Amino acid sequence: MALVTAQMSVSLDGFYAGPEHTDMATWMDGTEAAGFFRVTRWVTSAMAWRERLGFEGGEQSTNSEIIEQTSEAAGAYVMGRRMADGGEVPWGDDPPFHAPVFVVTHRPRQTLVRQGGTSFTYVTDGIESAIEQARAAASGKDVAIAGGGKLVRQVLKAGLLDQLELHIAPVVLGDGMRLLDPDLDLADKEAIELVPSRVIDTPDVTHVRYTVNGRSALVLDDRGRGDTPEARR
């Protein structure tokens, strides 16, 4: 069965970029970009990533194999408008997705058709609609939530995410844009439970894949309180 998946590179303290930089014209020089490029450093030397962007070289490594597997599994993508706008010029006429992309936005725009099978459809009626349209276009393959982090949180919050993969870089950023935060609107004594299904470590990054089990009540145990002579009988 096709899954709704997401993957994010994060620091040890949970940030996927540095502090938010709102001026996209100077984004590359800002603190957000500095943190982002540090946690995604493992990607740029991977052969699979470089090939998808039309670059030469790169290493055929474990990291490259993971990128290749993830790309092959995705039949369509869902992303936020900020990521789509920020990537439109750098991605050029042949973006790296090679599949339909559905952009969650409040501002309508005509569908952009690019080379290599990539198209950008702007969806103005919510995340659920974008995911359903992506499912229909994915030909039985997975729907990948491409980001950014705010969109990943929204999909997790809505209970629509089946699989989350974190690529944990061995660095502490100290501040920045945190992937998991109170925006999830968890109730008192409530959590979102996940089960690790794959862990792969490399010198540059640790890849941890989770199956998302959804919201669950946190139940207090009787730790210590039941440790009486009567309870031990």
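At 30% relative accessibility, Arg 135 counts as partly exposed, where buried means under 20% relative accessible area, exposed over 50%, and partly exposed in between (1.4 Å probe, protein chains only). The side chain of Arg 135 meets that of Glu 132 in a salt bridge, at 3.7 Å from N to O. A salt bridge is taken here as a side-chain nitrogen of Lys or Arg within 4 Å of a carboxyl oxygen of Asp or Glu. Both residues belong to helix α6 (residues 127–137), three residues apart, about one turn of the helix. Helices (H or I, at least four residues) and strands (E, at least two) are DSSP runs, numbered from the N terminus.

The model is predicted: local features need pLDDT of at least 70 and side-chain atom pairs count only at pLDDT 80 or more, while totals for chains, interfaces and linings use all residues. Residues are numbered from 1 along each chain as its sequence is written, and side-chain values use heavy atoms, with hydrogens and water left out.

**Salt bridges**

Side chains of opposite charge can pair when their charged atoms come close. By the salt-bridge rule the count comes to 13.

| Pair | Closest N to O distance |
|---|---|
| Lys 150 – Glu 20 | 3.6 Å |
| Lys 157 – Asp 185 | 2.7 Å |

Lys 150 forms its salt bridge with Glu 20. Lys 150 lies in helix α7 (residues 149–157) and Glu 20 in the loop between β2 (15–17) and α1, so this pair ties together parts that are 130 residues apart in sequence. Lys 150 is partly exposed, with a relative accessible area of 39%, and Glu 20 is partly exposed at 40%.

Lys 157 forms a salt bridge with Asp 185. Because Lys 157 lies in α7 and Asp 185 in the loop between β9 (177–178) and β10, the pair ties together parts that are 28 residues apart in sequence. Lys 157 counts as partly exposed at 35% relative accessibility, and Asp 185 counts as partly exposed at 48%.

Just after α7, Gly 159 takes a positive phi of about 75°.

**Strands and overall layout**

The protein has seven helices and 11 strands. Its C-alpha trace spans about 75 × 40 × 35 Å along the principal axes, and 39% of the 233 residues count as buried.

Five of the six residues of strand β8 (residues 163–168) are buried, so β8 is largely enclosed by the rest of the structure. Two strands are said to pair if DSSP finds at least two bridges between them. Strand β1 (residues 4–10) runs parallel to β8 and is joined to it by six bridges; within this pairing, Ala 6 has Leu 164 as its bridge partner. Six bridges also join β8 to β11, and these two strands run antiparallel. Here Leu 166 stands opposite Val 208 in β11.

Strand β11 (residues 206–217) is also joined to strand β10 (residues 190–201), by 11 bridges in an antiparallel arrangement. Pro 196 stands opposite Tyr 210 in β11. A hairpin of four residues connects β10 to β11.

**Surface patches**

Patches are made of residues with over 30% relative accessible area and no salt bridge; like charges are joined within 9 Å, and nonpolar side chains (Val, Leu, Ile, Met, Phe, Trp, Tyr) within 5 Å. Accessible areas come from the Shrake-Rupley method with a 1.4 Å probe, and for residues only the protein chains shown count as cover.

Met 28, Phe 36 and Phe 37 form a nonpolar patch on the surface, with about 300 Å² of accessible area together. Phe 36 is found in helix α1 (residues 31–39) and is partly exposed, at 32% relative accessible area.

A patch of negative charge on the surface gathers Glu 51, Glu 65, Glu 68 and Glu 72. Lys and Arg count as positive and Asp and Glu as negative, while His and the chain ends are not counted; the place of a charge is taken as NZ of Lys, CZ of Arg, CG of Asp or CD of Glu. Helix α4 (residues 62–73) gives the largest share of the negative patch, three residues. Glu 72 lies in this helix, α4.
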